[in-house]
Every structure is written in structure tokens, then in C-alpha cells.
Amino acid sequence: MTPGLEHYLVVSALLFCLGLLGVITRRNLLVMYMSLELMLNAANLALVSFSRFNNNLNGQILVFFIITVAAAEVSVGLALIVALYRKRQTAHVEDLTTMKL
Amino acid sequence: MSLPDILFYVFAALTLLCGVLVIANPFSRNPVTSAMFLVLTIISMAGLFVLLHAFFLAAVQILVYAGAVMVLFLFVIMLLDLKDEERRRIKKFSLIGGLVSVGSIVTIFVKSILAAQPGANLSAPMLEGETAALGKLLFTQYLLPFEVVSVLLLVAMVGVILLSKKDLK
């Protein structure tokens, strides 16, 4: 069966849900962050497939911007995690339950 | 079935398999293993992008994600020394709750996609995501967002330098 738009969308939806499952079940900050990246990538896949099957390049431009913003977001997030680890010596969300440092 | 069709199924299966191994690896709870499988997920996703004729984005995906972002992740994992992660267990309650809620969301997604048939009355794809067309669009219609995003990168860089100072006030 030739893969159409539906196939790509199903793959994207499954990948998004995998990322969601990772954020819900894993309690390590870094692994949760990787799951967030997985969800972002699923959205990218959906955008690229829509762009291809609608004969419109705007979706690919949006993916380009998403990748750029994701790179900035990852750098800031990881810097925050490192700063938090310096204060509290842990990267486990169940040890990080108070707002005050 | 032609070769691109077979390649779609191969890359899709690889993407999903490596995605599962990122979040729940039965053999190792080490974050480094998760990061490595995330690299594999991203590379097989770049394969899917090539199948969708988005060649430039496939290259950017590998360069930026599998290159820069994952190196950053690995650096931080090595910096943090997360030995006690392997002794922690996944809580049964969160596992069951997560599986139930995510399972229902998967059902909703897949059923609605299959019911809506979004690709049914579209013409055959003609689009080539070649770099020239993408660049032309980027520097004419999307010039302002392009510049804004470059400012955003600068802001992120300044923020990271500020955050990683030794005495954070």
C-alpha cells in the first residue's frame, strides 16, 4: 500500500504520544526533556507531510523556524537544569518539590 | 510496492522503535542510552523527511538536532553524574495512569485521522522541497520572522551565559 498523508500522520501521532508517555512516566528531568524533544519532532513530521501533500512550501518554512526555536529552547532549558543541579544536587523531579531554593 | 514505499515502512518502524527505547529501555535506565536512541530516532526521521522530498530540512535535522542539540544533552548528562537514576523505580501508579491516558489519546488521534481521510481528495504531490525554493521564500515573504529568530538566538545565548555563571543571584 502506497503511504499517503494518513500514514505519515499516524506515525506522527504515535510519536507524539510516546513523548507524552515519557513525560508522564519518567521522573528524571533530562529524560523528560528528551521526551519533549520527541513531541516537538512529531509536530515537525506532521507539518512536513502536510506541506508535501498540499503542494505548499509554507509548512517547511515553519518547520525550519521550529527547529531554530527548539535549539534555543534546549540550550536555555539545559542551562536551567545545570543551575538547579548546582543548588540542589539532584535532577529528579520528586526531590524538587519546593519552589524556594 | 516500490522502493520508497518499503523505505517508508522501514523508517517509520525504526522511528517508533527507537522512540520507545528512549522513554522505556528494558535493559538500561541510563540517560546516556536514552540520548543515543534519541539520536537514532532523529536520524530515521530525517530519512522520512527525505522520502517527503524535504531534503534541506533533512540535512538541517541531522546537523542541528543529531549534531548540536544531542551533543549539548550528552555534555549535560556527563556533567551531572546521574548514578542514582538506575536505582529508582518507575512508579506503578504513574505508569498505569500514563498508559491509560496516552492509550485513549492514541485511539482518538488514529480514529479521527482514519475517519477524516485528509489525503483523500488531494492531487498527486508535486512539491520539491529544494533549497533554492525554500531560500527564496525565506528571504522574501518570511524575512521578518527570519530576522526575529536570529535575535531570539542571540537572546538565548546571552541568557545561557548568564544562567551558567557560578554565583547565580
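Chain B, read along its sequence, runs α-α-α-α-α-α. That is six helices and zero strands. Helices here are DSSP runs of H or I with at least four residues, strands are runs of E with at least two, and both are numbered from the N terminus. Before I go on: this is a predicted model, in which local features need pLDDT of at least 70 and side-chain atom pairs count only at pLDDT 80 or more, while totals for chains, interfaces and linings use all residues. Residues are numbered from 1 along each chain as its sequence is written, and chains are lettered from A and ligands numbered from 1 in the order in which they are written.

Staying with chain B, its C-alpha trace spans about 55 × 40 × 30 Å along the principal axes. Chain B is divided into domain 1 (3-129) and domain 2 (131-169), with bounds that come from an automatic or database domain assignment. The centres of the two domains of chain B, over C-alpha atoms, are 25 Å apart.

How much of chain B is buried? Buried residues are 21% of its 169 residues. A residue is buried if 20 or more other C-beta atoms lie within 10 Å of its own, exposed if 12 or fewer do, and partly exposed in between, with C-beta atoms placed from the backbone.

Now chain A. The C-alpha atoms of chain A fill a box of roughly 50 × 25 × 15 Å along the principal axes. Of the 101 residues of chain A, 49% count as buried.

One helix of chain A deserves a stop. α2(A) has 25 residues and reaches 37 Å from its first C-alpha to its last, close to the expected 36 Å. The expected span is 1.5 Å times one less than the number of residues. Why is α2(A) described as largely enclosed by the rest of the structure? Because 20 of its 25 residues are buried. Just after α2(A), A:Asn55 takes a positive phi of about 55 degrees.

Next, how the chains meet. 70 residues of chain B are in contact with 60 residues of chain A, contact meaning that the C-beta atoms, placed from the backbone, lie within 7 Å. On the side of chain B that touches chain A, the largest share, 12 residues, comes from α3(B). By class, that side has 54 nonpolar, 13 polar and three charged residues. Nonpolar covers Ala, Val, Leu, Ile, Met, Phe, Trp, Tyr, Cys and Pro; charged covers Asp, Glu, Lys and Arg; the others, Gly among them, are polar.

Last, the core. A nonpolar core is a set of buried Ala, Val, Leu, Ile, Met, Phe, Trp, Tyr and Cys residues joined through C-beta atoms within 7 Å. The largest one has 60 residues, and those touching the most other members are A:Leu30, A:Met34, A:Leu45, A:Val48, B:Leu48 and B:Phe49. α2(A) gives the largest share of this core, 13 residues. As for A:Met34, leaving out residues up to four places away in sequence, it touches B:Val22, B:Ser34, B:Ala35, B:Leu38 and B:Phe73.

Key: Contact = placed C-beta atoms within 7 Å.
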